[in-house]
Amino acid sequence: MPEASASVPTSAPASAEEPDDLPVPTAFSDVKGWFHPADQVLFDWFLSRQLDLGEPGDLLELGAYLGKSAIFMGSYLRPDETFTVCDLFDSPAPDDANSKEMGRSYATLTRRAFEANYRSFHDELPQVVQAPSAGIATHVPGGSCRFVHIDASHLYEHVHADIAAARELLTPDGIVVLDDFRAEHCPGVAAATWGAVATTGLKPLCITATKFYGTWGRYEAVHGELGRLLKGRDDMWHGAEEVAGHPMIRISGRKARTPAHPRSRHASVAPPRKDEAGPRRTRRPRGRGLAALLPGRRR
């Protein structure tokens, strides 16, 4: 993982110090959220490849929860790039259906918690847009993003709009990632994802147990390099599946060795733990973190 760089400040200033009443994560594993080992490997590979090739562009995440994937993505930001995170946080939902979803899954979610987590790993916050993702194109220039992660609403009409926005905002060879595209409780995400493959020219590069990775740009080079990467790993199973004329890669990697994680400013040195997957590296003790204040989120 590249060394973290500072991102542009949030549009709503926040204190550089976490509030005293919020426990802080001492390690990446303390941040509550769902970001599986195989997806950490793929985020690292796609984002590092873009840096190695000098591909320009900003980063965008739609739907942040408590910031686990955002913290990870923030480490791949160049000094002259912008990382934008869009989430309702504790703002009112724009419609009844979304309001019900927010009430079930995100009742305890706050921007304050996200920012405390993110500042534990990075010096500056990303550009935070606290609003429905439907208006993201008014905050991010068209054709400016090299990597877009969509993990906001699970409702078809919202995901469909998020995918359309991602197509508008991505650079020609940018990568889009969609979460929960195969979860049984999120049929709307699946419908929007495969509908985009069928009708918009979105090319499926690979899928994991939880995420879809695709591009509207050049396919063969990135697909071939990804296949060679996977052939060289003994911790991730993969196979090919023909989808819409493209040999999409299916990946299983629950025991994948994860790349190095961002380091918390609150970390203390401790011996490596044997119960966590990943390369040999120094591990920190599990802190209470914000997860101690928040009940579990059902997905």
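Reader: Are Lys211 and Asp179 buried or exposed?

Author: Both Lys211 and Asp179 are buried. Buried means under 20% relative accessible area, exposed over 50%, partly exposed in between (1.4 Å probe, protein chains only). This is a predicted model: local features need pLDDT of at least 70, side-chain atom pairs count only at pLDDT 80 or more, and totals for chains, interfaces and linings use all residues. Residues are numbered from 1 along each chain as its sequence is written, and side-chain values use heavy atoms, with hydrogens and water left out.

Reader: What do the side chains of Lys211 and Asp179 form?

Author: Side chains of opposite charge can pair when their charged atoms come close. Lys211 and Asp179 meet in a salt bridge, 2.7 Å from N to O. The term needs a side-chain nitrogen of Lys or Arg within 4 Å of a carboxyl oxygen of Asp or Glu. Lys211 sits in strand 7 (residues 211-215) and Asp179 in strand 5 (residues 170-179), 32 residues apart. Helices (H or I, at least four residues) and strands (E, at least two) are DSSP runs, numbered from the N terminus.

Reader: Which residue forms a salt bridge with Glu225?

Author: Arg49 does, with the closest N and O atoms 2.7 Å apart. Glu225 lies in helix 7 and Arg49 in helix 1, so the pair ties together parts 176 residues apart in sequence. Glu225 is partly exposed, at 29%. Arg49 is buried, at 14%.

Reader: How far apart in helix 4 are Arg111 and Glu115?

Author: They are 4 residues apart, about one helical turn. Their salt bridge has its closest N and O atoms 2.8 Å apart.
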